[in-house]
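I opened the notebook to look up how this chain is put together. My entries follow the order in which I checked things.

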Amino acid sequence: MYPATGNLISPVADAAAENRSGPTTAEATNTPDGPPHIPVPQPRVDDFSWLLTHCPKAARAARKIAAVVLAEWHTSEEATDTALLVVSELVTNAVEHAQPPVTLHLHRERAGSRVWVGVSDGGPAEDAGPWISSCSDDEHGRGLEVVGALATAHGTRHHSGGITRWARLHTTAS
């Protein structure tokens with residue numbers, strides 16, 4: 001379980017956390033039981049994926065996770081705010097319109113200082129989600145338009161497991 005939310009699975013993040021648990025270079029010292037412990041260089045993890053619970057709280061959980069990752073990547077505050085809005089819209093869309101599973105993907109592109117955000121789902125649901133079912137037509141339906149307005153590129157990819165909606169966003173290092 002991913003500790004930030006308690007309802008997500010992140011094998012990539014868990015492996016990276018295990019690698020970061022060792023001592024830092026400053027901590028490399030002689031141990032009483034033997035030779036000095038020399039830390040192994042830490043790999044940079046630029047790809048993360050999380051399986052989200054298919055429920056209305058998934059968007060909030062995804063924003064929390066994305067905020068942690070974007071902070072680790074030293075993404076500017078403005079770019080982080082934009083990315084969190086995109087994450088929220090894509091996850092909400094998946095929960096309200098699609099079948100499980102819902103998976104959040106974040107990828108830092110080294111060239112061009114960009115972040116790729118993707119949300120995969122199990123394909124179209126037969127019925128609308130609980131939020132959409134409870135509101136009028138003018139209260140929903142603009143999420144993907146918001147994503148399109150904020151992203152430098154965006155799209156949809158159909159695959160055997162369902163659909164991935166994605167957006168590419170510019171970032172700046174802080």
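These entries go from the whole chain to its sheet, strand by strand.

**Entry: the whole chain.** I am working with a predicted model. I looked up the secondary structure and found 5 helices and 5 strands. Along the sequence I read the pattern α-β-α-α-β-β-α-α-β-β.

I then looked up burial and surface. Of the 174 residues, 37% count as buried. The chain exposes about 10,000 Å², and carbon and sulfur atoms supply 55% of that.

Next came the contacts between residues at least 6 apart in sequence. Of these, 67% join residues at least 24 apart.

**Entry: the sheet.** In what order do the strands of the open sheet lie? I read β1-β2-β3-β5-β4, with antiparallel pairing. I noted which strands stand at the edges: β1 (47-52) and β4 (153-159). Each has a single partner strand, so one side of each is left without a neighbour in the sheet.

A reminder to myself: strands of a sheet pair through backbone hydrogen bonds, either parallel or antiparallel.

**Entry: β2 against β3.** I counted the bridges here. β2 and β3 pair in the antiparallel sense over 7 bridges. I picked out L106, whose bridge partner in β3 is V117.

**Entry: β3 against β5.** This pair is antiparallel too, and I found 8 bridges between β3 and β5. For S120 I looked up the bridge partner in β5, which is T164.

**Entry: β5 against β4.** How many bridges join β4 to β5? I found 7, with the two strands running antiparallel. Strand β5 covers residues 162-170. Within β5, W166 stands opposite G155.

**Entry: burial of β3.** I went back to β3 and checked its residues for burial. With under 20% relative accessible area as the cut-off for buried, 6 of the 8 residues of β3 are buried, so β3 is largely enclosed by the rest of the structure.

**Entry: a helix on the sheet.** Which strands does helix α2 lie across? Helix α2, residues 58-72, lies across β1, β2 (102-109) and β3 (114-121). I also looked up its direction, and α2 runs at about 160 degrees to β1.

**Entry: where I stopped.** β3 pairs with β2 over 7 bridges and with β5 over 8 bridges. Helix α2 lies across β3 as well as β1 and β2.

Notes: Residues numbered from 1 in each chain as written. Predicted model: local features only at pLDDT ≥ 70, side-chain atom pairs only at ≥ 80, totals over all residues. Heavy atoms only, no water. Pairing = 2+ DSSP bridges. Helix = DSSP H or I, 4+ residues; strand = E, 2+ residues; numbered from the N terminus. Contact = heavy atoms within 4.5 Å. Axes fitted to C-alpha atoms, helices over the stretch in contact; angles between N-to-C directions. Buried < 20%, exposed > 50% of the residue type's maximum accessible area, 1.4 Å probe, protein only. Areas by Shrake-Rupley, 256 points an atom, 1.4 Å probe, with all protein chains shown as cover.
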